[in-house]
Amino acid sequence: MFQRCAPQNLANPRFWRPECSANSPFPALTITAEQNSGPHQRPGQPSIWSLPSALFSPFPLLLLRLASHHEAIVHGGGHGIKVAYWRMTPEEALRRAKKEINEGPAVSDDPELYTLLFRNVSVFKRSYELMEKILKVYIYEDGPRPIFHTPELQGIYASEGWFMKLLEENKGFVTKDPSKAHLFYLPYSIRQLKLALYVPNSHNMRSLSLFLRDYVNTIAAKYPFWNRTRGRDHFLVACHDWGPYTTTLHEELCKNTIKAMCNADASEGIFVRGKDISLPETTIKVPKMPRKYVGGGHVSGRSILAFYAGNMHGRVRPLLNKYWGDDKDEDMRIYRRLPNRVSRTMSYVEHMRASKFCICPMGYEVNSPRIVEAIYAECIPVIIADNFVLPFEELLDWSAFSVVVAEKDILNLKNILLGISHRRYIRMYNCVRRLQKHFLWHAKPLKYDIFHMILHSIWFNRLNQIQQYQE
């Protein structure tokens with residue numbers, strides 16, 4: 001059926017062209033592809049195949065998939081042209097991807113994704129697959145160490161470091177050619193920036209903000225990429241509480257750039273819901289074993305209704321302690337810090353594994369590492385932080401596996417938890433267990449893990465941003 005023909009009249013080899021075949025009574029349709037498809041073909045030479053056009057007469061516009069992962073391109077009979085993603089400009093590819101996500105088929109069942117976790121599993125699956133297929137990220141090499149390119153992999157701010165490390169090691173998403181990039185990464189660590197520039201006890205972060213302002217102005221002057229979109233296709237990843245505030249001296253950085261931040265407070269006018277990303281705050285105690293404390297006790301062994309232990313700073317934790325601390329209620333294990341008399345028999349992690357609900361109150365800022373700690377311990381997180389944008393909220397349905405309590409309802413906390421039926425609790429518990437894989441770090445990233453979830457949220461919000469500016 002397939003017939004090899006010489007590459008004639010291929011001044012523009014991107015399109016299939018109708019040609020005449022000397023060995024066929026029918027006009028032929030010539031197909032080209034980037035990938036070599038014959039043992040005798042020279043590297044880089046297009047593949048040329050001739051098919052009788054009569055075979056295609058019922059199909060004026062046809063899109064085929066060849067051996068490569070790229071879509072083929074069809075042109076025939078004076079009808080329209082559909083160009084493969086790899087032939088498009090980055091902006092064109094993103095617009096096409098958004099259209100495909102909106103118009104794609106529904107997903108009824110998927111063995112790798114638990115439907116109950118998602119607002120719309122079909123949208124997530126289509127978007128994720130297109131991200132894997134299309135997305136290219138350019139990482140700026142500029143910037144002095146240790147502020148740039150020096151990931152910190154331990155502690156409560158480790159999310160920004162692990163993301164930086166894994167992206168810079170990635171060969172699938174990263175491109176060295178900025179003309180092919182859909183996103184541009186500003187690879188600095190807000191934690192390292194604080195350590196390098198903050199004057200202890202000064203209570204002044206202006207030096208950090210000035211540094212970032214000057215850095216962005218430098219790359220905008222040195223490269224053309226920032227100025228094309230005023231930073232809308234650029235992103236940063238920052239987990240320290242000060243992350244949002246250090247962007248405010250550069251208007252485009254603050255308003256346009258996609259900010260993936262642990263301190264995702266929607267009330268301050270810096271974090272923009274729908275554009276910026278709520279970065280999960282993950283505590284990594286042993287960098288060589290990032291999943292050391294993952295796993296929880298069976299549901300039948302969870303004898304404690306609710307548990308919290310920690311400092312009492314901020315506006316929420318003192319109220320939590322006032323109403324429920326100091327052993328006021330046996331079911332509500334709320335401690336300033338885990339007392340020695342208690343920790344001698346049961347550690348902090350063991351308490352989480354023995355509790356049905358783990359209380360995750362905000363501190364000075366809205367974010368808390370206890371949310372992910374609870375997920376690791378298979379304990380239902382109870383989030384008390386008004387105005388907190390939950391991680392991956394654009395796609396995850398947090399009502400399926402967590403309880404969000406308004407700050408004004410702390411006094412009624414126990415009744416709220418007791419009001420959750422056993423059947424609903426079991427459903428939430430099973431969801432938390434299925435959710436774990438989306439919040440795990442791996443030395444080599446796995447599909448749907450936290451590295452890919454963060455990158456996907458940045459990609460997904462960029463697509464929505466393009467749609468907004470088109471409208």
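Me: Leaving aside its neighbours within four places in sequence, which residues is Gln436 in contact with?
Reply: Keep in mind that this is a predicted model. Gln436 sits in the loop between helix 13 and helix 14. Skipping the neighbours within four places in sequence, the residues in contact with Gln436 are Val294, Gly295, Ile375, Tyr376 and Glu378.

Me: Is Gln436 buried or exposed?
Reply: The cut-off for buried is under 20% relative accessible area. Gln436 has a relative accessible area of 10%, so Gln436 is buried.

Me: How many helices and strands does the protein have?
Reply: Let's zoom out for a moment. Of the 471 residues of the protein, 53% count as buried. The secondary structure comes to 14 helices and 14 strands.

Me: What share of the contacts with a separation of 6 or more is between residues 24 or more positions apart?
Reply: Here you look at contacts in the protein with a separation of 6 or more, and ask how many join residues 24 or more positions apart. That share is 66%.

Me: How are helix 1 and helix 2 oriented to each other?
Reply: Two packed helices are described by the angle between their axes and the distance between the axes. For helix 1 (residues 90-103) and helix 2 (residues 121-134), the axes come within 9 Å and cross at roughly 155 degrees. Angles over 145 degrees count as roughly antiparallel. Helix 1 and helix 2 are therefore roughly antiparallel.

Me: Which residues of helix 2 meet helix 1, and what classes make up the contact?
Reply: On the helix 1 side you find Ala93, Ala97, Glu100 and Ile101, and they meet Val123, Arg126, Ser127, Leu130 and Ile134 in helix 2. Sorted by class, the contact of helix 1 with helix 2 has six nonpolar, one polar and two charged residues.

Me: And helix 4 with helix 5: how are they oriented to each other?
Reply: The axes of helix 4 (residues 190-197) and helix 5 (residues 206-222) come within 9 Å and cross at roughly 120 degrees. The range for roughly perpendicular is 65 to 115 degrees, and roughly antiparallel is over 145. Helix 4 and helix 5 are therefore oblique to each other.

Me: What classes of residue make up the contact of helix 4 with helix 5?
Reply: Ile190, Leu193, Lys194 and Leu197 in helix 4 meet Ser207, Leu208, Phe211 and Leu212 in helix 5. By class, the residues of this contact of helix 4 with helix 5 are six nonpolar, one polar and one charged.

Me: What kind of aromatic pair do Phe118 and Phe124 form?
Reply: The count of aromatic pairs comes to 27. For Phe118 and Phe124, the rings are 4.8 Å centre to centre, with 20 degrees between the planes. Planes under 30 degrees apart count as stacked. The pair formed by Phe118 and Phe124 is stacked.

Me: What about the rings of Phe124 and Tyr448: what kind of pair is that?
Reply: Their centres are 5.8 Å apart and their planes are at 40 degrees, so the pair is tilted.

Me: How many residues apart are Phe124 and Tyr448?
Reply: Phe124 is in helix 2, while Tyr448 is in the loop between helix 13 (422-435) and helix 14 (450-470). The pair links distant parts of the chain, and the two are 324 residues apart.

Me: Is Tyr448 buried or exposed?
Reply: Tyr448 also has a positive phi of about 70 degrees although it is not a glycine. Its relative accessibility is 1%, so Tyr448 counts as buried.

Me: Leaving aside its neighbours within four places in sequence, which residues is Met131 in contact with?
Reply: Met131 lies in helix 2. Its relative accessible area is 0%, so Met131 is buried. Leaving aside neighbours within four places in sequence, Met131 is in contact with Phe173, His452, Leu455, His456 and Trp459.

Me: Where is Arg230, and is Arg230 buried, partly exposed or exposed?
Reply: Arg230 lies in the loop between helix 6 (225-229) and strand 7 (234-238). Its phi is near 60 degrees, a positive value in a residue other than glycine. With a relative accessible area of 41%, Arg230 is partly exposed.

Me: Last one: which residues does a cis peptide bond join?
Reply: Look in the loop between strand 5 (137-139) and helix 3 (158-169), the place of Pro146. Omega is about 5 degrees for this cis peptide bond, and the residues joined are Arg145 and Pro146.

How values were computed
Residues are numbered from 1 along each chain as its sequence is written. This is a predicted model: local features need pLDDT of at least 70, side-chain atom pairs count only at pLDDT 80 or more; totals for chains, interfaces and linings use all residues. Side-chain values use heavy atoms; hydrogens and water are left out. Axes are lines fitted to C-alpha atoms, for helices over the stretch in contact, and angles run from 0 to 180 degrees between N-to-C directions. Helices (H or I, at least four residues) and strands (E, at least two) are DSSP runs, numbered from the N terminus. Angles under 35 degrees count as roughly parallel, over 145 as roughly antiparallel, 65 to 115 as roughly perpendicular and the rest as oblique. Contact means heavy atoms within 4.5 Å. Ala, Val, Leu, Ile, Met, Phe, Trp, Tyr, Cys and Pro count as nonpolar, Asp, Glu, Lys and Arg as charged, and the others, Gly among them, as polar. Rings of Phe, Tyr and Trp (its six-membered ring) pair if their centres lie within 6.5 Å; planes under 30 degrees apart count as stacked, over 60 as edge-to-face and the rest as tilted. Buried means under 20% relative accessible area, exposed over 50%, partly exposed in between (1.4 Å probe, protein chains only).
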